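Please look over the model below before reading on.

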Amino acid sequence: MRDLRLRYLDLLAGCLSRELFLELDEPGVDPADRHEGRDWPATAETMIGRRRLDNLIDCLATVLDDDIPGDVIETGVWRGGATILMRAALAAWEDPDRSVWVADSFNGLPPPDAAAFPADEGVDLSGIGALAVSRAEVASNFERYGLLDDRVRFLEGWFADTLSSAPISRLALIRLDGDLYQSTWEALDALYPKLSPGGILIVDDYGAFEPCRRAVHAYRDQHHIHEEIITVDWTGVWWRRDR
Ligand SMILES: C[S@@+](CC[C@H](N)C(=O)[O-])C[C@H]1O[C@@H](n2cnc3c(N)ncnc32)[C@H](O)[C@@H]1O
């Protein structure tokens, strides 16, 4: 049964990234870039690349096999691919009640707030239309894979306005993918205290964006978090909260 579950998630990851039929996504796309999650795909539902998709599958399998209590969330979903994979894992494990929280402005990144978050000074991704994907488009991407239901819960708006008041009591897995110091900090601040012992925290942008890395270390220092940071690929990292 476990093998079948993993085969389903593996197939789905190949579809979500378009790696299985790359020629249909974009003429001339570099297969290595797509594999490593270095490009912004034309149609694929995720940009995170194969190793980070495999890491997400491994982490979901771990928390579900070990019955770690709580929902799962991604902060910064773009077209929704990683959260679609999360919902698929819950279905594959026949989980009866966890939710997948899908948190995004659905309108791209905020402009940098250098007064409050000096590390973000000069990092302005707010005008990039390709990063603004509507909630309706993300919902329809879930539907394409037969995975849209009432356990897919959208948190629409800036993280500062949505995360701390969201009706989430516990989390088994948190995936951060908001690029900025501010987005990383706000997500950690609101959500990490809800991560169950044995739960997993994944940070997509640790290697790619120095502001993100700085936010992770500032938060770890402030909260005396000493679990080892494990590298996934050129940018992704994760750790498992001590039990
Ligand atoms: C790099 S994309 C996420 C990629 C996605 N995880 C995937 O699987 O392809 C970053 C996303 O974070 C969102 N975002 C970043 N900072 C945010 C914030 N402070 N509040 C709300 N959304 C934010 C953007 O709208 C964008 O959709």
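## Leu6

Leu6 counts as partly exposed because it has 15 C-beta neighbours inside 10 Å. The scale is this: 20 or more other C-beta atoms within 10 Å means buried, 12 or fewer means exposed, and anything in between is partly exposed, with C-beta atoms placed from the backbone. Leu6 sits in helix α1, residues 2–16. Helices are DSSP runs of H or I with at least four residues, strands are runs of E with at least two, and both are numbered from the N terminus.

Setting aside residues up to four places away in sequence, Leu6 touches Ile57 and Ala61. Contact means C-beta atoms, placed from the backbone, within 7 Å. Leu6 and Glu121 are 115 residues apart in sequence and 42 Å apart in space, C-alpha to C-alpha.

## Basis of the model

This is a predicted model: local features need pLDDT of at least 70, side-chain atom pairs count only at pLDDT 80 or more, and totals for chains, interfaces and linings use all residues. Residues are numbered from 1 along each chain as its sequence is written.

## Helices α4 and α5

Helix α4 (residues 49–65) and helix α5 (residues 81–92) have axes that come within 10 Å and cross at roughly 30°. Axes are lines fitted to C-alpha atoms over the stretch in contact, and angles run from 0 to 180 degrees between N-to-C directions.

From α4, the contact uses Leu53, Leu56, Ile57, Leu60 and Leu64; from α5, Ala82, Leu85, Met86 and Ala89. The contact residues of α4 with α5 comprise 9 nonpolar, no polar and no charged. Nonpolar covers Ala, Val, Leu, Ile, Met, Phe, Trp, Tyr, Cys and Pro; charged covers Asp, Glu, Lys and Arg; the others, Gly among them, are polar.

## Helix α8

Helix α8 (residues 181–191) is mostly covered, with 10 of its 11 residues buried. Among the buried ones are Ser183, Trp185 and Glu186. The buried residues pack against β1 (71–75), α7 (159–162), β4 (171–176), β5 (195–203) and α9 (210–222).

## Ligand shell

The ligand is surrounded by 23 residues, and the closest are Thr46, Gly76, Trp78, Gly178 and Ser183. By class, the shell has 12 nonpolar, 7 polar and 4 charged residues.

## Whole chain

The protein chain has 9 helices and 7 strands. Of its 243 residues, 47% count as buried. The C-alpha trace spans about 45 × 45 × 30 Å along its principal axes.

Note on methods: Two residues are in contact if their C-beta atoms, placed from the backbone, lie within 7 Å. A residue is near a molecule or strand if its C-beta atom, placed from the backbone, lies within 6 Å of it.
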